[in-house]
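Please read the following briefing alongside the sequence and the model. It is arranged by topic.

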Amino acid sequence: MTLEFSQIHRNDHLPGRIAAEIAREINDSKLGPGDRLPTEHVLAKTFGVSRSVIREAIAQLRNEGFVETRQGVGAFVTDPRQRLSIRIERSRLNDPENFRDLFQLRMPLEIEAAGLAALHRSPQQLTRLAAALEKMKTADDWSTEGVAADLDFHRILAEATENEYFLMFLGFIAERISSAINIAFSRAVFGEILEVTIAEHVAIYEAVEKADATAAKNAMRKHLIGAASRVNLELDIF
């Protein structure tokens, strides 16, 4: 079977675009129920991206019900009649109220995730968090490299909860809101926003490193309130 993926442009959000390409192959019946997706290595080589990008794309496909993953085996196409999925069309998030509601949902989930990550993170996950933070600090192009590192930081935190549902839901939400956040960065005083954003992530990392769940939750709460204000969202804060 030959799969014909379209070219992925670097200015697109890569995991989302890759997920859309694979979903297209599934919808066109080039991949059928029970078929195994190519390995992460093969997909990464095919699309010319890192395996972490492929993992995020597959997580999105799982969230949307296109595939199911089996530990140590791979990802397999699901039967359309049995698909359970979270679906929010991107166009709906053009409505400020819908976008606000999704961001409001993110607040309690990600705050709790930060606390759990502080308690359960492994040394390897802590190392990966530090690497993502360093990429944020040194990114030459924030709109691509910086935002990708930011998303990776939050994805690793969700993974460190040791609860796959946090990774599933937060990965889905982060992927949906990332484009709007990119727009906010491009319109704002970039240097000031970048400095504040990185400082907020440093505070989260330091709390997780110290295994201080309360401090991690407080740091994440401060970050999310700040992030909401930077995209002009008025949330209900308690």
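What follows covers the nonpolar cores, the salt bridges, and a few individual residues and elements.

The model is a predicted one. Its largest nonpolar core has 41 residues, and the structure holds 15 salt bridges.

**Nonpolar cores**

- Within the largest nonpolar core, which has 41 residues, those with the most contacts inside it are Phe103, Phe153, Leu157 and Val208. The elements that give two or more residues to this core are H4, helix H5 (123-138), H6, helix H7 (164-187), H8 and helix H9 (213-230).
- Apart from this core lies another one, of 21 residues, which includes Leu14, Ile26, Ala44 and Ala57.
- If residues up to four places away in sequence are not counted, Phe153 touches Leu129, Ala132, Leu133, His201, Ile204 and Tyr205.
- As general background, nonpolar side chains tend to be buried together in soluble globular proteins.

**Salt bridges within helices**

- In general, side chains of opposite charge can pair when their charged atoms come close.
- In helix H1 (residues 14-27), Glu21 and Arg24 lie 3 residues apart, about one turn of the helix, and their side chains meet in a salt bridge with an N to O distance of 2.8 Å. Glu21 counts as buried because its relative accessibility is 5%, under the 20% limit, whereas Arg24, at 26%, counts as partly exposed.
- In helix H4 (residues 96-120), Glu110 and Arg106 are 4 residues apart, again about one turn of the helix, and the salt bridge between their side chains has an N to O distance of 2.7 Å. Both Glu110 and Arg106 are buried.

- Glu64 has its place in the loop between H3 and strand E1 (67-70), and it counts as buried because its relative accessibility is 10%. Although Glu64 and Ala23 are 41 residues apart in sequence, they are 9.5 Å apart in space, C-alpha to C-alpha.
- Gly65, which follows H3, has a positive phi, near 85°.

**Glu200 in helix H8**

- Is Glu200 buried or exposed? With a relative accessible area of 9%, Glu200 is buried, and this residue lies in helix H8 (residues 190-209).
- Leaving aside neighbours within four places in sequence, Glu200 is in contact with Lys222, His223, Gly226 and Arg230.

How values were computed
Residues numbered from 1 in each chain as written. Predicted model: local features only at pLDDT ≥ 70, side-chain atom pairs only at ≥ 80, totals over all residues. Heavy atoms only, no water. Buried < 20%, exposed > 50% of the residue type's maximum accessible area, 1.4 Å probe, protein only. Salt bridge = Lys/Arg side-chain N within 4 Å of Asp/Glu carboxyl O. Contact = heavy atoms within 4.5 Å. Core = buried A, V, L, I, M, F, W, Y, C linked by side-chain atoms within 4.5 Å.
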